Structure formats: structure tokens, C-alpha cells
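Hi,

Here is the structure I said I would pass on. Have a look at it first, and then read my notes below.

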Amino acid sequence: MLAAIGQPRLMALYEQLFGIYGITVAQVLLTRADLSNRRRYLNARNTLAALIDNRTIPIINENDTVARKKSV
């Protein structure tokens, strides 16, 4: 629940700060499964490359609201 509230606030702060310099940011939410599966990894890689090619800084964050957490 806290991640769902915090992520939009964090992105708003990034947009505000980078916006001072005319830089666009984009949030990319990933999970371990996105990087473990070859097809999903390639999709993520292609998305990141397209963002960078379009002069947008990707802000990468674990998709905390759906990521499975291990008990400590």
C-alpha cells in the first residue's frame, strides 16, 4: 500500500527537479520475473533503449505493489 502511494509522489518530485533542466523522465516498473524471462527482458531492454533514444531518463523501480516479498 505504501509503495502505491509513494511511487507517484517520488515521480512527481523527479519530474519537478529534472523539469528545471528541461529533461523528461519516465517511470519503468520491473520485477525480477521481467529480467528472468528472456522475452520480457528483451521487451524491457527495448523500452529502455527507446526512452533513452528519445532523450527521456528512465527511472527504474521494482514494481513493489506486485513483487513477491520474502519473509525475513
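Predicted model: local features only at pLDDT ≥ 70, side-chain atom pairs only at ≥ 80, totals over all residues.

**What I found**

A few overall numbers: of the 72 residues in the protein, 24% are buried. The accessible surface is about 5800 Å², and carbon and sulfur atoms account for 55% of that. If you take the contacts between residues at least 6 apart in sequence, 63% of them link residues at least 24 apart.

Helix H1 (residues 2-19) gives the largest share of the patch, with three residues. Ile57, on the other hand, sits in strand E2 (residues 56-62). Its relative accessible area is 32%, so Ile57 is partly exposed and clears the cut-off of over 30% for patch residues.

Then there is the charged side of things. Side chains of opposite charge can pair when their charged atoms come close. How many salt bridges does the model have? The count is one salt bridge, and it joins the side chains of Asp34 and Arg40 at 2.7 Å, N to O. Are the two partners buried or exposed? Asp34 counts as buried because its relative accessibility is 14%, under the 20% limit, whereas Arg40 is partly exposed at 33%.

Cheers

Terms used
Residues numbered from 1 in each chain as written. Heavy atoms only, no water. Helix = DSSP H or I, 4+ residues; strand = E, 2+ residues; numbered from the N terminus. Buried < 20%, exposed > 50% of the residue type's maximum accessible area, 1.4 Å probe, protein only. Contact = heavy atoms within 4.5 Å. Areas by Shrake-Rupley, 256 points an atom, 1.4 Å probe, with all protein chains shown as cover. Salt bridge = Lys/Arg side-chain N within 4 Å of Asp/Glu carboxyl O.
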